[in-house]
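Have the structure open beside you as you read.

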Amino acid sequence: MPVYKLCIKIFKKNISTLLIYFFIFLLFSAIMATSASNTQKELEDFSYIKTDIAFINEEESVLVEGLKAELSKVANFIELPDETEALQDALFFGRVKYILRVPEGFTGSFMDRQNVNLEKTIVPASASSAYIDLLVNKYLNTAKIYVQNMEGISQGELVRYLERDLSEEGHVDILAGPENSASSYSSIYFNYMVYPLLSILIYGMSALLISFNNTDIKKRVNCSPLSNTAINIQFSLANLTYAFVVWGLMVAFCLLVDSNNINSSTFYYVLNSFIFTICGTGLAFLIGSLAKGTQAVTALTNVVVLGSCFISGVFVPTELLGSVTLRIGSFTPSYWYVNANNQIARLTQFNFDTLKPVFSDMAVVMLFAAAFFSLAMVIRKERRYS
Amino acid sequence: MVVNVKKLVKRYDDLIALDHLSFSVKEGEVFGLLGPNGSGKTTAINCILSLLKYDKGEIEIFNKPMSPTAYDIKRDIGIVMQNVAVYEELTVYENIDYFCGLYINDKILRKDYVEDAIKFVGLEDYKKFTPKKLSGGLLRRLNIACGIAHKPKLIILDEPTVAVDPQSRNKILEGIEEMNRQGATVIYTSHYMEEVEQICSRILIIDKGKAVATGTKEELKEMITLGEKITIEAYGVPEKSINSLRDLPNISSVEYKESILKIKALKGKNNLESVLEFIKNENIQFANIYSELPTLNDVFLEITGKELRD
Ligand SMILES: Nc1ncnc2c1ncn2[C@@H]1O[C@H](COP(=O)(O)OP(=O)(O)O)[C@@H](O)[C@H]1O
Ligand SMILES: [Mg+2]
């Protein structure tokens, strides 16, 4: 396989230049990805900052103590005198965000399956008070289910059950939460990967194509006893090898850095990037067939790769792009690739129905690949007969 | 017959680049294709190698019809094209190894062949150099090594010495003669008649795609009327003497410019003697005198009416 070996050798000769690109890009995407996911984490952590509330208790009971213990996970209790004016001042000046009053006889009525409620006073439209609401409701509703279904359940038993259930639910919450949110390291990394992947594919492959298409060298090869088919097969194999080594290295880097967060979405990120690599190979092939010199390649690559990265949501999140830009962006394969990534990031369940939009994006990328390859073939054919 | 070309016609649109060109090359020859720039040498080579489609004619190599898929024929041909064709990315050694590898699969054998080729063109000290670091002459030698490393039976070289320093040129010409001694048949194109005269055993002169004359250099020189050229450095030769010199038998032309008298004589004996006698009789003062036999340039000039070199 002399042609295959030659191509691999030429790739290796260009490796120093390409490695520089590779590491700069890796560093860049790693920095961007970590900083972006940190920002996102801070945003999420914000809701866990404890809210100041006043808990006014007109009776002591095991059930009420249980509720207070549960609330203490998300709230600081501020001691306030039980006077209407003092309480209103505290709300007004923001010393507390939420006042919860347990009326006398609440526990008794609740255990007797009567419809009773706690009284609350809140600052309107506050996110943190809504969160407290949620927790109080969850606690009481769960308790209600036990009381209604378990005849003669004691308060002590009830509180134990609740403690267990709520902590379990909390655990489930985390699984479905940040790990799969739109900003995990992997999702960001795989979006940024468009830039280094395309650049390295195009630089490497077009450099090879240009050497290979040199008419004088072609003459020599055409005079040899190697058939055209053999030459083309070996040449294509070498390019595929190159493309998948580059892809493999990039994916491996991400999996290494983000090894704690490998889950089912990772598989789809990898699959999506694999399909995008095929498309990138087609694009590199096309540019290599179009451009006549290395400088032309550099210029074309910059325009095509940078341009499409900006308008397709690689560098700037799609939410921040205008609809016109996005419409233009949708004529680039990276738009569909990024779109698929973002959808994978939002998924919590992976089955055919939920993955359908992801697969259709992948199909569009494949269509782009087919278009690039056919166009390159046409150009090469034209060139051969001119 | 190693190569047999019959009535080859090649057109580029309106231009007839090859016009019913026929010739054959026998085993063991160094066959020269001599013609000015644009006469169709490269076109002829490209057609012979099936790199170019032609309009009419037949081409046989090793007595088999040549075609783009005649791989068994191609296996025994080595080509050195007019333009240097090597990979910039590869070193001298790697380039030769690659092009040799298109013919020779066996690694050990190929290593020997590549070393032989490097020694042959004298690039031992440059094995690890990339083509960019080689001078024009060395680059040409690399180009040749890439074409002949697989020890082909037929070697075709298209102007391998264009823009080459005299040292490299001699090395190249000696190399070609050496390969021929080792048994290779050679087709060599050039527009330098000295080179062709030096190494070719048979020569085809072409002009505008047509065969002008063919034969050994002696045969070619026999074809024309010119016998010898006599040049004399002479002072103050009167017009009358020049005219009577012209009237001498066997003298075809006389030119006098800046004290140099150029005389062309037809084939025959004692031309120089009779000219000398004439000059003595006319009492013309002279310093230097010498006589040359015709060159291929004279052959070309007499047949086509123009100089070989433009
Ligand atoms: N690709 C081409 N298209 C059109 N004309 C060509 C082409 N190649 C060569 N020619 C013409 O054909 C003639 C022969 O060219 P060529 O074979 O290169 O001559 P040589 O090698 O003897 O210098 C020239 O007049 C040249 O201009
Ligand atoms: Mg030529």
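**Where the chains meet**

About 2400 Å² is buried between chain B and chain A, and carbon and sulfur atoms give 63% of that area. Please keep in mind that this is a predicted model. On the chain B side, Tyr87(B), Glu89(B) and Leu102(B) lose the most area to chain A, together accounting for 27% of what that side buries.

**Contacts across the interface**

- The contact involves 26 residues of chain B and 23 residues of chain A.
- The rule finds 1 salt bridge across the interface of chain B and chain A.
- That salt bridge joins Glu94(B) to Lys13(A), with the closest N and O atoms 2.7 Å apart.
- Between chain B and chain A, 7 residue pairs are in polar contact, both residues being at pLDDT 80 or more.

**What chain B brings**

- Three helices of chain B, α2 (71-74), α3 (92-101) and α5 (136-148), each supply at least two residues of the side that touches chain A.
- With 4 residues, α3(B) gives the most to that side of chain B.
- By residue class, the side of chain B that touches chain A divides into 15 nonpolar, 6 polar and 5 charged residues.

**How chain A is laid out**

- Chain A is divided into two domains: domain 1 covers 2-41 + 183-384, and domain 2 covers 51-166.
- The C-alpha centres of domain 1 and domain 2 of chain A are 56 Å apart.

Definitions and conventions. Residues numbered from 1 in each chain as written. Chains lettered and ligands numbered in written order. Predicted model: local features only at pLDDT ≥ 70, side-chain atom pairs only at ≥ 80, totals over all residues. Heavy atoms only, no water. Domains from an automatic or database assignment. Contact = heavy atoms within 4.5 Å. Buried area = accessible area lost by both parts, 1.4 Å probe. Salt bridge = Lys/Arg side-chain N within 4 Å of Asp/Glu carboxyl O. Polar contact = N/O pair within 3.5 Å; in protein donor to acceptor, adjacent residues only side chain to side chain. Nonpolar A, V, L, I, M, F, W, Y, C, P; charged D, E, K, R; others polar.
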